[in-house]
Amino acid sequence: MPGDTTDGTRTEVKPTSGNDPYQAFRFRDYRLLFLGTFMESMGSQMVNVAIGWELYERTGSAFALGLVGLVQVLPVILLSLPAGHLVDRLNRRKIVVVTQIVLALAGLALTILSYSHGPIVLMYGCIFMMGIAIAFNSPAVSTLLPQTVPVQSYESAATWSSSAWQLASVLGPALGGLLIAFTHSASPVYAINAFCALTFLVLVLLLRKQPQMHLITADGEKVRISFLEGVKFLWQTKIILAAITLDLFAVLLGGATTLLPIFAKDILHVGPSGLGWLRAAPSVGAICVSIGLAYLPRFKKAGMVLLLAVAGFGAATIIFGVSRSFWLSLLMLFLLGSFDNVSVVIRSTLLLTRTPDALRGRISAVNSLFIGASNELGGFESGLAAQLFGPVLAVAAGGVGTILVVLCVALLWPEMRRLGRVSDLP
């Protein structure tokens, strides 16, 4: 395909006169990374459905669902910054290989525990091990993406990479829910997750070797490898800080997906197969948006688009929380995913275009810390709030909080309101 030479090296592709929606796929390594990301994400999404349904079936406790998020986020909080530091100093591809092995072993352990109805505490232990692997895996994988495409294809790569995750989030929950419904067991889901992790491992090994990052500048000075250099860079780059803040608090407050097992069983009465479709609906919306973004011209006022998208995310969360109709709930989750994907694409492109290569591991680690913490702590907060106040009030109040955060970000960081084309280099 264009972009790959006969000797297997990656070449620069000049921008075309029109908008090439498949520009990132002109490169072999990106195609491999796209497929690997899809497989790994599909496995993790299947596990999210399975672990939520199994724990709720065995305990009947909303707090048990929230505790899953807490167990997953603790390793991310504790290890993300040192992980990013190591990613910027060691071989990034080898780190991905090791973490995929850990994820596969944890998936196999969950398979055995689920099949044998093993202790729940050991299942939480496996989830904790997955969290440790993800803390290292996320920043390492993110540094591979800019090595597979040239700068002018970053926005295309960010758009399609988001769609890979979202497509996996459609197929994963649906397949996971159907497998549980037909087999009356979550163990096959965990086994498939282990297979997906091993598949990603193989695809990463097929990527062409990239030269190690140089730690010496042209002037003979050593590149700064300070442990907190990534935090300092983000603090000074207000536009990235504002984008991450929006996503952090939106997900932290709008954690409706954590409570979907409760809505599926006790409020909407649709069972495990219905749970699979509810989990898939946000990703269906996100995929539709990804395809649209690939074909449409780039946003001329990306900052305002981002603010409006997160506000729409909050509004859809409120309506979902108070809905008693399965179809209305499905529609709101579809819109929720659509708005969220606009935010993901804009934030990912900002990180790709404005982060120096020497800092990619640490910046990605900080981003993973913020986003991972918001996802998992948001799940814990939603579970605790649902236990205390009920799931409806917990979800609706989170949507209101999301809209308030949008207003605060728009006032605190006027740079976001003035942001033009997101792919323009600063």
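## The loop between helix 3 and helix 4

H117 is placed in the loop between helix 3 and helix 4, where helices (H or I, at least four residues) are DSSP runs numbered from the N terminus. The model is a predicted one, in which local features need pLDDT of at least 70, side-chain atom pairs count only at pLDDT 80 or more, and totals for chains, interfaces and linings use all residues. Residues are numbered from 1 along each chain as its sequence is written, and side-chain values use heavy atoms, with hydrogens and water left out.

Although H117 is not a glycine, its phi is positive, at about 55°. H117 has a relative accessible area of 61% and is therefore exposed; the classes are buried under 20% relative accessible area, exposed over 50% and partly exposed in between, with a 1.4 Å probe and protein chains only.

## The pairing of helix 3 with helix 4

Helix 3 spans residues 92-115 and helix 4 spans residues 120-144; their axes come within 8 Å and cross at roughly 155°. Axes are lines fitted to C-alpha atoms, for helices over the stretch in contact, and angles run from 0 to 180 degrees between N-to-C directions. Helix 3 and helix 4 are therefore roughly antiparallel, on a scale where angles under 35 degrees count as roughly parallel, over 145 as roughly antiparallel, 65 to 115 as roughly perpendicular and the rest as oblique.

The crossing of helix 3 past helix 4 is left-handed, that is, the near helix is turned anticlockwise from the far one by less than a right angle. The residues of this contact comprise 19 nonpolar, 5 polar and 2 charged. In this grouping, Ala, Val, Leu, Ile, Met, Phe, Trp, Tyr, Cys and Pro are nonpolar, Asp, Glu, Lys and Arg are charged, and the others, Gly among them, are polar.

## F136 in helix 4

F136 belongs to helix 4. With a relative accessible area of 21%, F136 is classed as partly exposed. Apart from neighbours within four places in sequence, F136 is in contact (heavy atoms within 4.5 Å) with L79, A83, L86, V87, I95 and T99. The C-alpha atom of F136 is separated by 8.8 Å from that of P82, a residue 54 positions away along the chain.

## Helix 8 and helix 11

The axes of helix 8 (residues 238-253) and helix 11 (residues 302-322) come within 11 Å, with a crossing angle of roughly 5°. These two helices are therefore roughly parallel to each other. Helix 8 contributes A243, L246 and A250 to the contact, and helix 11 contributes L306, L307, V310 and F313. The residues of this contact divide into 7 nonpolar, no polar and no charged.

H269 lies in the loop between helix 9 (260-267) and helix 10 (271-295). Its phi is near 55°, a positive value in a residue other than glycine. The relative accessibility of H269 is 59%, so this residue counts as exposed.

S338 is part of helix 12 (residues 326-354). At 11% relative accessibility, S338 counts as buried. Residues up to four places away in sequence being set aside, S338 touches P282, G285, A286 and V289.

## The chain as a whole

The chain has 15 helices and 0 strands, a strand being a DSSP run (E) of at least two residues. Of its 426 residues, 57% are buried. Among contacts with a separation of 6 or more, 85% join residues 24 or more positions apart.
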